[in-house]
Each structure stands twice: as C-alpha cells, then as structure tokens.
Amino acid sequence: AVACVIATRHNTHAPFALKALKSGKRVFLEKPLCLTIDEYFELKGLLQKTETPDLMVGFNRRFAPQIFELKQKLTGIPLAINYRINAGAVLPNHWVHDPEVGGGRIIGEVCHFIDLCCYLADSKLVSVSATALEVLPQNHDTFTASLYFENGSVANIGYFSNGNKNVSKEYLEVFGGGLTAIVDDFKTMKIYGSKLESNKLSKQDKGHAAEVLAFAEAVKSGSKFPVSVPEVLHATLATFALLESIQNKGEKIIISEFEAQWISPKVS
C-alpha cells in the first residue's frame with residue numbers, strides 16, 4: 001500500500017491532500033484539515049466518493065493511553081465535559097496567526113479539543129457558541145466555548161493565551177453516570193467512581209506514537225483508519241462554526257444550518 005504523510009504548514013494541507021488523494025494514496029494529514037470553507041467542501045466532495053482512498057487527520061489526543069483507559073469506563077451518557085487549555089501567548093506576528101498561512105489558533109489547534117470532546121461524548125455536535133476576550137480580538141486566542149451534542153452531552157472549552165506557563169497546559173474533567181475523571185496534562189489521571197483510581201505516567205503521552213502506529217497498521221492491513229472521514233469533517237466544520245460564533249459575539253451556531261448556508265448559494 002502507498003501512503004502519504006503531510007506535516008507541512010497549514011496553508012499547504014488541503015492542496016497537498018487533494019493531490020495525494022487524487023493520485024490514489026492513503027493520507028495522514030496533520031491538523032488542520034484545511035483553512036477555508038471552500039477547501040473543506042472540495043475535500044468533502046472528494047472524500048465522499050466511495051472509490052476515493054480515505055484520509056486521517058492527526059487528532060492524536062484520542063490515542064493517549066489515559067484517554068483510552070477513560071473511554072472504556074465511560075458508561076454514563078450523556079456526559080458533561082470541562083476542558084481548560086492554558087495555551088500560552090504566541091507573538092502577534094507569528095505565522096500561525098496569519099489567516100492565509102496558519103489560519104489562526106482556533107482552526108490550527110482547537111480542532112484537537114473539539115475532536116476529543118466528540119470522541120469522549122461519542123456523539124456529533126448540534127451547536128457551538130463562543131465568546132473571546134477583546135484583546136487582540138483578531139487573533140481569537142483567548143475564549144470560552146459551549147458545545148451541545150446530539151446525545152444530550154455538553155462541553156465547555158476554555159482556551160486561554162493570557163495565563164502563566166507554569167500551569168499545566170491541558171486540564172480535562174469528565175462527568176457522567178456517577179463518575180468523575182480528571183486528566184491533568186496527559187501525565188496524571190484520577191477517576192472517582194465506586195473507588196478512586198489513579199494513573200500517573202513517567203512522562204507526558206498525548207498519543208502521538210500510538211496514533212502513528214495505528215495509521216501504519218491500517219495502511220499495512222488495508223483496513224479503515226481509526227479516525228474516520230466523517231469524524232474529521234465534523235470536527236473541522238465545528239471549528240469554522242466556533243470562529244463564526246466569536247465573530248458574531250457569541251451567537252449560537254447550529255452546525256447543520258451553518259453548513260447549509262454555504263451549500264445553498266452554490267446549489268441555486
């Protein structure tokens with residue numbers, strides 16, 4: 001089997017992926033999938049053709065060993081999720097903020113956290129809403145977001161660039177079915193249930209190695225990728241919707257309506 005790994009700057013992701021897919025290769029693409037709605041629909045159209053080889057985006061956090069363990073224990077649905085990201089400051093002139101090169105930190109990184117919430121909740125999103133701190137508002141990299149899922153689960157994502165780097169970057173709390181789980185920076189995990197279970201790793205593991213291995217095994221065996229195309233498309237669309245909400249002062253964005261508004265003009 002022939003596969004292609006794309007880990008270049010964000011603005012090249014969609015063009016390179018389209019070229020690789022059209023040449024018959026299976027593709028591993030680092031996040032984000034794309035930077036624009038037009039690229040999203042072009043990739044979606046190609047990926048939904050049954051004869052087209054599929055693509056996996058590097059949503060590595062779902063492969064983290066602690067997330068794997070937690071997922072097995074989550075029997076109570078719906079869930080409530082609280083995910084705090086102490087992202088830290090990135091200089092205003094950094095390439096990631098360039099809308100044509102990096103796409104901004106929501107498109108470039110927050111897709112990770114949306115995907116993980118969808119994975120844990122085991123559900124697609126109905127709607128998102130978000131408001132950003134009005135400091136360098138063009139960057140939208142300090143905000144809070146509310147996510148509502150089809151199965152009734154809810155999630156809050158707090159993404160903060162104005163904090164202190166001595167605090168851990170990612171702090172995830174999951175509540176459901178009488179269980180509370182706390183994952184601190186993919187190093188320690190505590191699960192409060194009928195008894196307290198603790199898990200402490202010798203070093204941080206966000207799932208990168210397991211993700212690459214899973215991709216390689218799927219290519220070798222010819223099996224489906226562990227992150228499906230619908231999951232990739234859904235998380236990507238949700239990041240665009242979240243950005244739209246921020247730009248509209250916290251307006252609730254219904255995901256299906258958001259996608260339809262981009263399709264309708266082209267159909268007519």
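Colleague: In the protein chain, what share of the contacts between residues at least 6 apart in sequence joins residues at least 24 apart?

Modeller: That share is 67%, where contact means heavy atoms within 4.5 Å. Bear in mind that this is a predicted model: local features need pLDDT of at least 70, side-chain atom pairs count only at pLDDT 80 or more, and totals for chains, interfaces and linings use all residues. Residues are numbered from 1 along each chain as its sequence is written, while side-chain values use heavy atoms, with hydrogens and water left out.

Colleague: How do you know whether the radius of gyration agrees with a compact globule?

Modeller: We use a rule: 2.2 Å times the number of residues to the power 0.38, with the radius taken over C-alpha atoms. For 268 residues that gives a value near 18 Å, and the protein chain has 18 Å, so the two agree. The C-alpha atoms fill a box of roughly 55 × 50 × 35 Å along the principal axes.

Colleague: How many helices and strands are there?

Modeller: Seven helices and 12 strands. They are DSSP runs numbered from the N terminus: helices are H or I with at least four residues, strands E with at least two.

Colleague: What makes you call helix H2 mostly covered?

Modeller: In H2, residues 37-47, eight of the 11 residues are buried. Buried means under 20% relative accessible area, exposed means over 50%, and partly exposed is in between, with a 1.4 Å probe and protein chains only. The buried set in H2 includes Tyr-40 and Phe-41, but also Glu-39 and Lys-44. Over the whole protein chain, 49% of the 268 residues count as buried.

Colleague: Arg-105 carries a charge, so to speak; is it buried or exposed, and how do you know?

Modeller: Its relative accessible area is 6%, so Arg-105 is buried. Arg-105 sits in helix H4 (105-121). Setting aside residues up to four places away in sequence, Arg-105 touches a list of residues, among them Asp-141, Tyr-159 and Ser-161.

Colleague: Why does Asn-162 count as exposed?

Modeller: Its relative accessibility is 52%, so Asn-162 falls on the exposed side. Asn-162 belongs to the loop between strand S7 (154-160) and strand S8 (170-176). Beyond neighbours within four places in sequence, Asn-162 contacts Leu-133 and Thr-142.

Colleague: Then what about Phe-186: buried or exposed?

Modeller: Phe-186 has a relative accessible area of 2%, so this residue is buried. Its phi is positive as well, near 60°, in a residue other than glycine. Phe-186 lies in the loop between strand S9 (179-184) and strand S10 (188-192).

Colleague: What kind of peptide bond joins Lys-31 and Pro-32?

Modeller: A cis one, with omega about 0°. Pro-32 is in the loop between strand S2 (26-29) and H2.
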